[in-house]
Amino acid sequence: MILVTGACGFVGSHLVKGLTAEGHKVRALVRDGEHAERIKGKDVELFIGDVTDPESLEGVAEGCFAVIHLVGIIQPGPGYTFKSIHEDGTTNVIAASKDSGSVMHFIYQSALGTRKGAVSEYHKTKYIAEELTRGSGMNYTITRPSIIFGKGDGFTTRLTQVIRMSPVVPVIGPGKGLLQPVYIDDLVKVFVKITGNREYYGRTLELGGPEELTFDEVVEDLKAALHTVKPTLHVPSALVRPAARIMEKLLPHPPVTIDQLIMLDEDNITGENAIYEFVGKPVSYREGLKKFLK
């Protein structure tokens, strides 16, 4: 059996289906069973728990030979922080995995751009979680995907809403930052192949799609897929920062944060793309959009 944390999330829900399709049994860690309808199945066992509550994880990994730890956040919110989710949550899942006595392989999903000396809190805490994984004493693999897209992803969904609702499409900054979008089905193939595979013990895999696109190109491709020709309006990040600081203080879930603005200033690409070890021809951004956008 394989334990998947964050099983109800975008990546988790696709991964659970991918693993069971390959004949694996999955224990899905979820915070609320009522919202787990889309992952229920005869080979899926639900376990109610919270990675920030170590007592709720007692027995979660018992009988599992592998753990795929996906839980992560892109911004803090009421009652949780980057530290509580990425650092403390990973500490708790590692402890539960070691307590099981059965886990042979611990896989941690980090993110491209995570590194020592990172500027954003998101990448800083992800790096600490990576270090916790490396120092766990278990066989481990770390994955660092670029922007992940596919049916149900937050990135495309939010951008689609903006494109459909606004007379112009606002882009913060010059729109020249590079991304390497990786399609969800390709990422699932990676997890299916590496889980329990000794060949990938001790490795950190950077994963991107087959092309490097500027943010402007991502927006234009999405507009084309949505059959709209609305103009793009570039908004200087210097004008957005003061508003972001105010929104962070006033709103539980601000539309943009200072941390996200920091990450927008960085390219999110890799020169060591491991995706080709798993997928002969990765799905391009345009091809992927056609698969799930109506």
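Colleague: Hi! Which strands does helix α2 lie across?

Modeller: Helix α2, residues 82–100, lies across β1 (2–5), β4 and β5. Its direction is at about 170° to β4. Keep in mind that this is a predicted model.

Colleague: Thanks! And what is the strand order in the open sheet?

Modeller: The order is β3-β2-β1-β4-β5-β6-β11, seven strands with parallel pairing. β3 and β11 (203–207) are the edge strands, each pairing on one side only. On average, neighbouring strands are turned by 20° against each other, direction ignored.

Colleague: How many bridges join β5 to β6?

Modeller: Four bridges join β5 (residues 105–109) to β6 (residues 140–145), and the two strands run parallel. Tyr108 stands opposite Ile142 of β6.

Colleague: Switching topic: where does Phe65 lie?

Modeller: You'll find Phe65 in the loop between β3 (44–48) and β4 (66–69).

Colleague: What is Phe65 in contact with, leaving aside neighbours within four places in sequence?

Modeller: Its contacts include Met1, Ile2 and His24. Ser102, Val103, Met104 and His105 are also among them, as are Thr195 and Gly196.

Colleague: Now the helices. At what angle do α6 and α9 cross?

Modeller: The axes of α6 (residues 215–225) and α9 (residues 285–292) cross at roughly 35° and come within 10 Å. The crossing is right-handed. On the α6 side the contact is made by Val218, Asp221, Leu222 and Ala225, and on the α9 side by Tyr285, Arg286 and Leu289. By class, that contact has five nonpolar, no polar and two charged residues.

Colleague: How many aromatic pairs does a search of the whole structure find?

Modeller: Six. One of them is Phe149 with Tyr285: the ring centres are 5.0 Å apart and the planes are at 65°, so the pair is edge-to-face. Phe149 is in strand β7 (residues 148–149) and Tyr285 in helix α9, so this pair ties together parts 136 residues apart in sequence.

Colleague: Is Phe149 buried or exposed?

Modeller: Phe149 is buried, at 0% relative accessible area. Tyr285 is buried too, at 1%.

Colleague: And how are the rings of Phe149 and Phe292 placed, edge-to-face or tilted?

Modeller: That pair is tilted, since the planes are at 45°, with the centres 6.4 Å apart. Phe292 is buried, with a relative accessible area of 14%. Ring pairs link Phe149, Tyr183, Tyr285 and Phe292 into a cluster.

Definitions and conventions:
Residues numbered from 1 in each chain as written. Predicted model: local features only at pLDDT ≥ 70, side-chain atom pairs only at ≥ 80, totals over all residues. Heavy atoms only, no water. Contact = heavy atoms within 4.5 Å. Pairing = 2+ DSSP bridges. Axes fitted to C-alpha atoms, helices over the stretch in contact; angles between N-to-C directions. Left-handed = near helix turned anticlockwise from the far one by under 90°. Nonpolar A, V, L, I, M, F, W, Y, C, P; charged D, E, K, R; others polar. Phe/Tyr/Trp six-rings, centres within 6.5 Å; stacked < 30°, edge-to-face > 60°. Buried < 20%, exposed > 50% of the residue type's maximum accessible area, 1.4 Å probe, protein only.
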